[in-house]
Amino acid sequence: MVEDKAVHMDSSYSLVLWLVYYLCLLQKQHYIPNVAVAALLQFLSVFFGVIAQISPQISGISRYFPRTLQQLEKLMGTQPEGRVRYVYCEKCSSIFSYNDCILKIGSEVQSKVCKYRFSNGSQSCNGALLKCVERPNKSKVFYPLKIYCYTPLYNYISVLVKRPGFCDLCDHWKGENKDTDALKDVYDEKVWSNFLTYDGGPFLLGAYTYALMLNIDWFKPCKHTEYSVGAVYLTIMNLPRRIRFRQENAVLIGLIPGPKEPKRDVNTVLGPLVEELLKFWDGVKMTIFSDSASVLVRCVLLCVAFDIPASRKVCGFLGHSAILGCSKCLKKFPGPVGQRDYSGFDRTQWPKRTLAEHRKNIYSIRKSSTITG
Ligand SMILES: [Zn+2]
Ligand SMILES: [Zn+2]
């Protein structure tokens with residue numbers, strides 16, 4: 001009897017897969033928008049639920065059938081699983097693992113406060129991290145006040161390389177002729193040619209090496225509310241431009257909670273990604289679609305693409321209303337905040353910033369313990 005039920009559930013799962021594959025095919029062929037598919041999924045899930053009550057034999061279909069687009073993507077295996085939830089400090093935008101926020105004194109459990117030290121003095125942030133909820137049985141549970149949701153880069157890349165044709169599409173640029181000096185795509189740029197080889201061996205010219213572009217932007221998820229959520233996402237530049245920016249090829253690494261953009265930098269939020277990029281620079285083993293043996297996959301962050309406020313927060317520059325408000329040169333804009341003097345368009349008097357100088361400044365800031373070093 002138990003065996004019969006298991007076989008029945010397996011056949012239900014196959015039927016659901018058949019149906020959702022057809023729905024996806026239909027959406028692709030007829031350019032059906034996501035909202036329409038979401039509405040159809042919602043209706044069909046209710047419909048199968050009602051049918052299952054009349055005829056319990058199809059309860060398996062009702063159980064497996066996706067109710068939302070997210071569940072559909074999970075069923076199809078097109079989206080990675082395994083998100084990591086960090087506790088997020090709203091006051092200073094630092095992130096912590098949950099266990100680091102718990103303080104145990106004997107049998108008493110308390111929430112720690114944020115210990116981030118601001119660079120403008122020795123004061124700690126002291127922002128609240130967890131809230132205590134008392135259960136009916138009088139036991140206490142601590143929940144994060146804000147969560148930074150991070151999907152590891154490994155999870156995304158391992159799903160993408162298993163997709164049929166993905167690795168071949170990423171090699172398309174290797175067969176293109178560069179017969180003019182026209183800058184038609186990123187492959188014609190210096191930033192790409194600089195990474196074709198590295199340390200005497202092929203890098204981007206090698207197999208399974210992917211160049212990434214980072215973008216961070218804030219958006220309002222709901223109309224008529226002042227609540228901004230930050231999306232941290234990567235684009236795989238090896239892909240042809242016609243499909244590079246499609247939703248299914250975007251690597252949504254993290255979601256920064258609101259209600260406002262962080263006032264200072266987003267360095268701690270980028271920490272987990274930096275850790276992973278360091279590993280991917282040396283190469284990470286994973287299996288791909290066309291080969292059952294694991295291969296070495298490498299990734300490099302080649303460039304960043306932001307609007308001006310986000311670029312300053314991510315790349316270590318001051319905001320555009322600062323005295324040194326330009327990220328390209330060291331032209332000074334004197335005057336108090338809000339009344340800066342932006343005159344003086346003699347470009348020869350605008351000394352350009354250099355990468356070496358920027359790196360030197362960042363290293364000296366990292367080493368210093370106070371604002372004056
Ligand atoms: Zn804090
Ligand atoms: Zn400038």
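Biologist: What makes the arrangement of donor atoms around the zinc ion (ligand 1) tetrahedral?

Modeller: In this predicted model, the 4 donor atoms around the zinc ion (ligand 1) subtend angles of 102 to 114 degrees. Four donors count as tetrahedral if all angles lie between 85 and 135 degrees, and therefore the arrangement around this ion is called tetrahedral.

Biologist: Which atoms are the protein donors of that zinc ion (ligand 1), and how do you know that they count as donors?

Modeller: They are the SG atoms of Cys 89, Cys 92, Cys 114 and Cys 125, lying 2.2 to 2.3 Å from the zinc ion (ligand 1). Along the chain, the donors follow the spacing C-x2-C-x21-C-x10-C. Among them, Cys 89 and Cys 114 link distant parts of the chain, being 25 residues apart: Cys 89 sits in the loop between strand S1 (84-88) and strand S2 (95-96), while Cys 114 sits in the loop between strand S4 (108-111) and strand S5 (130-134).

Biologist: Is Cys 89 buried or exposed, and what about Cys 114?

Modeller: Cys 89 has a relative accessible area of 0%, and Cys 114 likewise has a value of 0%. Buried means under 20%, so Cys 89 is buried and so is Cys 114.

Biologist: Why is helix H5 (residues 153-160) described as largely enclosed by the rest of the structure?

Modeller: Of the 8 residues of H5, 6 are buried, so the helix is largely enclosed. The buried ones are Leu 153, Asn 155, Tyr 156, Ile 157, Ser 158 and Leu 160. Leu 153 is also, with Ile 236, one of the residues with the most contacts inside the largest nonpolar core, which has 41 residues. Leaving aside residues up to four places away in sequence, Ile 236 touches residues including Ile 157 and Leu 160, both of which are among the buried residues of H5.

Biologist: What makes Glu 226 count as exposed?

Modeller: Glu 226 has a relative accessible area of 67%, and exposed means over 50%, so Glu 226 is exposed. It lies in the loop between strand S10 (209-219) and strand S11 (229-236). Apart from neighbours within four places in sequence, Glu 226 is in contact with Lys 220 and Pro 259.

Biologist: Why does Ile 243 count as buried?

Modeller: Ile 243 lies in helix H8 (residues 241-244), and its relative accessibility is 9%. Since the limit for buried is under 20%, Ile 243 counts as buried. Ile 243 is in contact with Leu 169 and Asn 249, leaving aside its neighbours within four places in sequence. The C-alpha atoms of Ile 243 and Leu 169 are separated by 9.8 Å, although these residues are 74 residues apart along the chain.

Definitions and conventions: Residues numbered from 1 in each chain as written. Chains lettered and ligands numbered in written order. Predicted model: local features only at pLDDT ≥ 70, side-chain atom pairs only at ≥ 80, totals over all residues. Heavy atoms only, no water. Donors = N, O, S within 2.8 Å, 3.2 Å for Na, K, Ca; no water. Tetrahedral: all angles 85-135°; square planar, octahedral: opposite > 155°, others 65-115°. Helix = DSSP H or I, 4+ residues; strand = E, 2+ residues; numbered from the N terminus. Buried < 20%, exposed > 50% of the residue type's maximum accessible area, 1.4 Å probe, protein only. Core = buried A, V, L, I, M, F, W, Y, C linked by side-chain atoms within 4.5 Å. Contact = heavy atoms within 4.5 Å.
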